[in-house]
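Here's a quick briefing to read with the model open beside you.

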Amino acid sequence: MVLETIWFFLWGLLWAIYFVADGFDFGIGCMIPFIGDNELEKRKMYNAIGPVWDGNEVWLITAGGVTFAAFPLVYAVMFSTMYTPLMLILFGLIFRGVAIEFRENEDSKAWKLSWDICMCAGSFLPAFLFGVAFANIFKGIPFDCNGIFYGDLLTFINPYSLLGGILFVLLFIMHGALWLTIKTDGNLQQKANDLVLKIWPTLLTAILVFVAASRYATDLFANYQKQPMFYIVLLFAVAAILAVRIFVHHQLYWRAWFASAITIFSCTFFGIIGLYPNMFPSLIDPSYHLTAHNASSSPLTLTIMLIVVLLFVPVVIGYQVWAYILFKDKVDEKELVY
Amino acid sequence: MDVLFLSRLQFAAATLFHFLFVPLTLGLSFLVAYMETKYARTGDEMYLKMTKFWGKLLIINFVMGVVTGITLEFQFGTNWSRYSAFVGDVFGPLLAIEATVAFFLESTLVGVWIFGWNKISKWAHATVMWLIAISSSISALWILVANAWMQHPVGYTIRDGRAELTDLSAAIFSKFAILEFLHTISSGYILSAFFVMGICSYHLLKKQNIEFFARSFKIALVFGLIFSFFEAIEGDIHGADVAVTQPAKMAAMECHWETKSKAPVFLFAWPDEENERNSIEIGAIPGLLSFLAFKNFDAEVIGLKEFPKDERPNVLITSMAFKIMVGLGTLFCLLTLTGWFLRNRLLEYPLYLKIMLFSIPLPYIAASMGWIVTEVGRQPWIVYGLMKTQDAVSPVSTIQVFTSLAAFILVYGLLGVIGFYLIAKNASKGPVA
């Protein structure tokens, strides 16, 4: 029981880290065609995420792998019921990845523009669909005790899930813009700064509306009513996003970026805490809910995986932090790779 | 066309495409690491140029491997949910450990290597490439342990209607897993050697950058020679193990119908699966199959007829793929051995260089054929003897899978063309000063 609960929150933690880490890559991807005015600015944007995006993406592979290892039934039912949205996410990620690497290989304008479009679509699609997917999970999915899905693609499209999608995109765009303020200077930095200021009120509204909507569209608040101290995570989210505004005002961009990371983290955990112990609730009958307890692996597998994760994830974080520190300086025009 | 057929087709297409890029990453990373170490040690600019030239090809190839790998991890859930639910307790950890222990390091360090030229010392930079090379092979280890478990499940028990892990080390250190790992990474090393030798041949034939490409050729040649012969010996041991663990696959590989001693190998055989015999048999070598499988010409080898018709793999596909793989493997030994004798006089043998240039695709074909033997030969089982493929597929609609399969073919087709075009373009451009 305890082991399953630990794993539930580790599962949430890995998704939260993934959203923080790849979130700013997605954000910058989304804005490349719009705020890069010339080729040099666009290149700087690619180079701002160039050294780290690939390592960031592995958090998704780990989150997926851990879902498989610790909660095989969730992995099976979640990914087969959400077949088409997940495929769209994966195709988006494919285009995003190759766009970054392929773009520099030819000089023609059409070539570069094509990859910019792939980069933008390949970043927007996963960002939006992760939001849509998680909102739908919070809400519940029509599937039965055999994991058979009673719905179609339209089932996933509803006001609450669209709100979730928009929230994710806004979070990631702010996160990406803040990364740009750190990694660039001059005009591009100014534009990124202005973008944060411009979307900040909308994002704050989106967070509040999403939380309010969750009250009606989901059962997330049941856990909070049982244990009001969990409301602290919402407090964190709001405090962090207010801090972003203050830090940007003082041009303390690193701090603003960290505050944005905490915002994303808290927003994810708002959902994760509310969900517990459910991982994939069924709309048809509460007895079909897949939970941390009825969908988990054996105690042996959970123990082995816990040891692996406790041993290696700190190491991974260690060398990823080293890589971030190595590339902490602003993108140098003379050392552009992409 | 049903969900089962479409899902199998999709997984086959996605895996084979993914494996067009993985082997080159496995081997070329070691070659680049060696070149960069030579540079760090000697300061010879030629080695730096080599590192950058081959490194550039490695990076283009690497990203294709990464993006096509992610879809595979998730396809177990999307298309094979019943399989995932049944074996997740054993199979899931292997994939999760791969990402945590190996793939993280590989992906993080690739960024450091590409961008880190002026940030870290040349020794540190070379070390980064060694770590990329080692972690990509360790990554392969976990994936192949997972696949080997599907071929020869060990270390589990059936409890509450699913397979549960009882002994992780039994799965990791199973003989089958070790043999499959060695066989697969060696194929990657051979492929990389032929890739490098082929591109060198192209430039040597054109008489450009002779010193650069002659030296690169020799580095790759040694690598290719060692692993071509290692692969032949290892393949023999691997085959003998398959004869014990997967007798139906072995029988299909050799079109062997009747259980008998002194079982022959045919140089060519065309199976007639309807009538349970071969319609064409050419060049039977009596006793050779018995010998290869059990190191005894008189040993009895189980024939296909021992298995019910619905528990036999497709004999034609399995046997043809096997023959092509073995034939090509033999050719790689011959070509690298020839290269060894010509290594210091390559320019005098344009015919050899031409053959090496046109040999670039051959290890790709051999590797794909190897996977076809492995996977088609395991049918109708998804986990050998434990779960049938038809019981493993997700309860999703045909139209969903049809659409995603079409998208896979379209997107992978397009990216494959662009990816190989960029590799060819950068390869033919030669080193930049």
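The largest nonpolar core in this predicted model has 272 residues. V74(A), L31(B), W54(B), V145(B) and A193(B) are the ones with the most contacts inside it.

**The core**
- If you're wondering which element gives the most to this core, look at helix α4 of chain B, residues 81-115, which puts in 20 residues.
- L31(B) is worth a click: leaving out residues up to four places away in sequence, L31(B) touches W54(B), S192(B), V196(B), I219(B), A220(B) and F223(B).
- W54(B), one of those partners of L31(B), is also on the list of residues with the most contacts inside the core.

**Where chain A meets chain B**
- On the A side 54 residues are in contact, and on the B side 51.
- Four helices of chain A each give two or more residues to the side that touches chain B: α3 (53-70), α4 (72-81), α5 (83-102) and α12 (299-326).
- α12(A) gives the most to that side, with 13 residues.
- As for make-up, the chain A side splits into 37 nonpolar residues, 14 polar ones and three charged ones.

**Helix α6 of chain A**
- Just after α6(A) comes G140(A), with a positive phi of about 110°.

How values were computed: Residues are numbered from 1 along each chain as its sequence is written. Chains are lettered from A and ligands numbered from 1 in the order in which they are written. This is a predicted model: local features need pLDDT of at least 70, side-chain atom pairs count only at pLDDT 80 or more; totals for chains, interfaces and linings use all residues. Two residues are in contact if their C-beta atoms, placed from the backbone, lie within 7 Å. Ala, Val, Leu, Ile, Met, Phe, Trp, Tyr, Cys and Pro count as nonpolar, Asp, Glu, Lys and Arg as charged, and the others, Gly among them, as polar. A nonpolar core is a set of buried Ala, Val, Leu, Ile, Met, Phe, Trp, Tyr and Cys residues joined through C-beta atoms within 7 Å. A residue is buried if 20 or more other C-beta atoms lie within 10 Å of its own, exposed if 12 or fewer, and partly exposed in between; C-beta atoms are placed from the backbone.
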